[in-house]
Amino acid sequence: MSLQMVTVSNNIALIQPGFSLMNFDGQVFFFGQKGWPKRSCPTGVFHLDVKHNHVKLKPTIFSKDSCYLPPLRYPATCTFKGNLESEKHQYIIHGGKTPNNELSDKIYVMSIVCKNNKRVTFRCTEKDLVGDVPEARYGHSINVVYSRGKSMGVLFGGRSYMPSTHRTTEKWNSVADCLPHVFLVDFEFGCATSYILPELQDGLSFHVSIAKNDTIYILGGHSLANNIRPANLYRIRVDLPLGSPAVNCTVLPGGISVSSAILTQTNKDEFVIVGGYQLENQKRMICNIISLEDNKIEIREMETPDWTPDIKHSKIWFGSNMGNGTVFLGIPGDNKQVVSEAFYFYTLKCAEEDMNEEQTTFTNSQSSTEDPGDSTPFEDSEEFCFSAEANSFDGDDEFDTYNEDDEEDESETGYWITCCSTCDVDINTWVPFYSTELNKPAMIYCSHGDGHWVHAQCMDLAERTLIHLSAGSNKYYCNEHVEIARALHTPQRVLPLKKPPMKSLHKKGSGKILTPAKKSLLRRLFD
C-alpha cells in the first residue's frame, strides 16, 4: 500500500464530505459537490484528472435528453450492466442530501454517450418507481445482483428525517434510522418490493456492502438508535426464478465494528476496507482484506500504510473509491497554518497493478462516505455558500471556458520540478521548510528571459526575504541568472571626458594685463 498527498488546483472548496466518485473505463468522475452547480458547469459532474499527484476538476456536460441531477451528498451508488454480455456499465444513484438539506427518494441512471480527448458527455435519466417505494434517505447502500440471467437492485439501510408529525422547529433536521427492510428494485420495469427479514433487527447506516453474483454481504454500520457500531456480518441471497423472487438472510460470524469505511476492489475476489470509525470520533486505522471464494467470506487484517501525522491526529476523515484498488482520502486542514485549505487530500493505492475490466464484471459496492454523526454537521446556511475559490466559476477564467491547452504535457510545470542543478526537492521526501508551507514547497519567479519558477529553499532564501519579495513587485533573479541580470542591468563605468577650461577674455580695466599677441588679435577683430 502506498500513500501519496495530492494537490487540487481548482475549486477545492467543492470537495466536501459526502461526495461520490464514478469510474468509467479508468476515468474517474466527481459527483456531489457542496452547494448548487454554477452556470459554467450546470451538471455538477467533473472529471477528476490526476497527473503527477496534481488534481484538476474539469467540467462535463449532459446530453440534451438528460434530466436534471441535483448535487447529492451521501447517496447510494453502484455499477450496473443491463445484461451479462454488455461491455458498458452504468451507475445507479439513489437518495442523498441536496444543498437545501432535503432528502431525495429518486433513482438516477448515469451513462456515457460520447467521449473524446477534450470532454465527456453523460446521459442522466430518472427512473420512476411504483410499488413499495423506498422513502427518501442517505447513508444507505444499493447493489445489483445477477441470478438466472436476470438482474435486480437491492437497497438497504440509511437514515431519514423524522416524520413530519414529530418534527419541531428545534428538531427540524433530526434524523432516525430507516426500518431494516430490504428493497428489491427492478430497473427495467421500475417496480420496488419491500421484504422484512427476521435476521435484520436494527436499521443500519454507513455500512459496507459487497455484491457478487446473487449474494450481498453487509458489514458493520452505525445504529443511531443505540449509538453503537455492532460487529455485524450478514449474507443476503436473492434468487430470481420466473415467479416471485426469493430473499433470505444469514447471520455469519467474524464481522467487524466499523462505519463509514471505504471499500475498493484489488482483484476479482478480493477487496480492501480502508478508513471509517470504530467509536464516536475515533477513527479506525486498521485496514482489512476481504476474500470471496467458493461462496465463503474471509476477513483478515493487513499491513496498514504509513499514515502521516496529519492523518493520525485528525478527528475526521472521508473519501471514496476511485476504482482499480485506489482510494481518495480527505482530512481537515490545519487552522494553525498562515495559509490553510479547508481539506487536504491523499490517494491510497491498495493494489500494485491495475485490474482489467473482467475483474469488475459482477461486483458492486456502496460508495462509503464520512458519517455525519461523527463530525460537526453543516448548518443550512453553509450549504448555499461558496468560498472565493469556488466563485472562480464566474467570469472568463480558465475553468469557465474549456481550455484546449489543458491536455498538454505538464511534466515540466508545477511544484515538483527540478529548478536548478542542485535542486533537492523530492516529491517523495519533501517536508515543509517554511512556516507558511504545508503540502507544497514555496516558489519564486525568476524574471530572466521568458521567466521560470524556482524553489525558495533551493535559492537559500530566508523566510523574511521570501515574504518581502512576494509582497512587492520587484523583479527577482535566481542564483544561476543573477550575474547575467547584473551585467545586463548595470551600465559599464565610463571615464568622464576631459574638457579644456574656457578662459575669459578680459577688457581693459578688468584688472588683467593683455599680452601683445592678444592685443594684436583684438585689433584685427574690431578693425
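Predicted model: local features only at pLDDT ≥ 70, side-chain atom pairs only at ≥ 80, totals over all residues.
**Entry: the whole protein**

I wanted an overview next. I find 4 helices and 33 strands in the protein. Of its 527 residues, 48% are buried. I also looked up the contacts with a separation of 6 or more, and 60% of them are between residues 24 or more positions apart. The accessible surface comes to about 27,800 Å², and carbon and sulfur atoms hold 51% of that.

**Entry: salt bridges**

How many salt bridges does a search of the whole structure find? It gives 8. I went through some of them.

Back to lysine 115: its side chain meets that of aspartate 25 in a salt bridge, at 3.9 Å from N to O.

Next I looked at lysine 58, which forms a salt bridge with aspartate 49, the closest N and O atoms being 3.1 Å apart. Are these two buried or exposed? Lysine 58 counts as buried at 5% relative accessibility. Aspartate 49 is buried too, with a relative accessible area of 10%.

Then came arginine 123 and aspartate 65, another salt bridge, with the closest N and O atoms 3.0 Å apart. They are 58 residues apart and link distant parts of the chain. Arginine 123 is in strand β10 (residues 120–127), while aspartate 65 is in the loop between β6 (61–62) and β7 (76–80). Arginine 123 is partly exposed, with a relative accessible area of 31%.

**Entry: the annotated site**

I checked the UniProt record, an unreviewed entry, and it places a "binding site" at Cys419, Cys423, His455 and Cys458. Why do I say these four gather at one spot? They span 40 residues in sequence, yet no two of their C-alpha atoms are more than 8.0 Å apart, so they do come together.

I took two of the cysteines in turn. Cysteine 419 is in the loop between β31 (363–365) and β32 (443–446), and it is buried, with a relative accessible area of 9%. Leaving out residues up to four places away in sequence, cysteine 419 touches Trp453, Val454, His455, Cys458 and Met459.

Cysteine 458 sits in the loop between β33 (452–455) and α2 (463–471). Its relative accessible area is 11%, and I put it down as buried. Beyond its neighbours within four places in sequence, cysteine 458 has contacts that include Cys419, Cys423 and Asn479.

**Entry: a hairpin**

Last, I followed two strands. β26 (residues 287–293) and β27 (residues 296–302) pair in the antiparallel sense over 7 bridges. Which residue of β27 stands opposite cysteine 287? I found methionine 302 there. The hairpin has 2 residues between the strands, and aspartate 294 takes a positive phi near 55° in it.

How values were computed
Residues numbered from 1 in each chain as written. Heavy atoms only, no water. Buried < 20%, exposed > 50% of the residue type's maximum accessible area, 1.4 Å probe, protein only. Contact = heavy atoms within 4.5 Å. Areas by Shrake-Rupley, 256 points an atom, 1.4 Å probe, with all protein chains shown as cover. UniProt positions renumbered as here; feature names shortened; annotations may be inferred. Pairing = 2+ DSSP bridges. Salt bridge = Lys/Arg side-chain N within 4 Å of Asp/Glu carboxyl O.
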